[in-house]
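Keep the structure in view while reading.

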Amino acid sequence: MSSEALHALKTYRQLLKAIKKHIGKEDYKKHFSEFIMLEFQKNSNLSDQSSIQQKIKLAHDYTFLLNSVHHHKDLLFSYNIAVDRSDEMKRILGKSAASVGLQLPDVYQS
């Protein structure tokens, strides 16, 4: 496998991981990951190096965008800037409960 193919595979995996983490993997959100899979399959036979590089860069940039937007949102939550604190508290309580193997009571479930 060429270094170009390994780079494309690494970018593909990172993008799918970002989609699962930030968009979700529920059935009604599957079209995001399916679109990415189809695009990578459709472009797997490209021979033009500049086109390949451009598409890999696009995928890498989109991955970076997804991760950055959600990191920014997390920072806004932590600084309490123009966001609803109840969502943050649910998230913090959920993480705390999950860390000891528990689930939140129904009152806190969305």
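## A polar contact at His22

A polar contact is a pair of N or O atoms within 3.5 Å; within protein, one must be able to donate a hydrogen and the other to accept it, and residues adjacent in sequence count only if both atoms are side-chain atoms. The side chains of His22 and Asn67 are joined by such a contact, at 2.8 Å.

His22 lies in helix α1, residues 3-23. Helices here are DSSP runs (H or I, at least four residues), numbered from the N terminus. Besides Asn67, His22 touches Leu66 and His70, with residues up to four places away in sequence not counted. Contact means heavy atoms within 4.5 Å. His22 and Leu66 are 44 residues apart along the chain, yet their C-alpha atoms are separated by 7.1 Å.

## Basis of the values

This is a predicted model, in which local features need pLDDT of at least 70, side-chain atom pairs count only at pLDDT 80 or more, and totals for chains, interfaces and linings use all residues. Residues are numbered from 1 along each chain as its sequence is written, and side-chain values use heavy atoms, with hydrogens and water left out.

## Salt bridges

How many salt bridges are there? The count is four. The rule asks for a side-chain nitrogen of Lys or Arg within 4 Å of a carboxyl oxygen of Asp or Glu.

Lys29 pairs with Glu26, with the closest N and O atoms 3.6 Å apart. Lys30 pairs with Asp27 at 3.5 Å, N to O. Asp61 and Lys57 form another salt bridge, at 2.9 Å. Both Asp61 and Lys57 sit in helix α3 (residues 49-79), four residues apart, or about one turn of the helix.

## Exposure of the partners

Buried means under 20% relative accessible area, exposed over 50%, and partly exposed in between (1.4 Å probe, protein chains only). Lys29 is partly exposed at 22%. Lys30 is partly exposed at 38%, while Asp27 counts as exposed at 64%. Asp61 has 35% and is partly exposed.

## A nonpolar patch

Tyr62, Leu65 and Val69 make a nonpolar surface patch of about 270 Å². Patch residues have over 30% relative accessible area and no salt bridge; like charges are joined within 9 Å, nonpolar side chains (Val, Leu, Ile, Met, Phe, Trp, Tyr) within 5 Å. Accessible areas come from the Shrake-Rupley method with a 1.4 Å probe; for residues, only the protein chains shown count as cover.

Tyr62 lies in helix α3. Tyr62 is partly exposed, at 35% relative accessibility.

Technical notes. Helix = DSSP H or I, 4+ residues; strand = E, 2+ residues; numbered from the N terminus.
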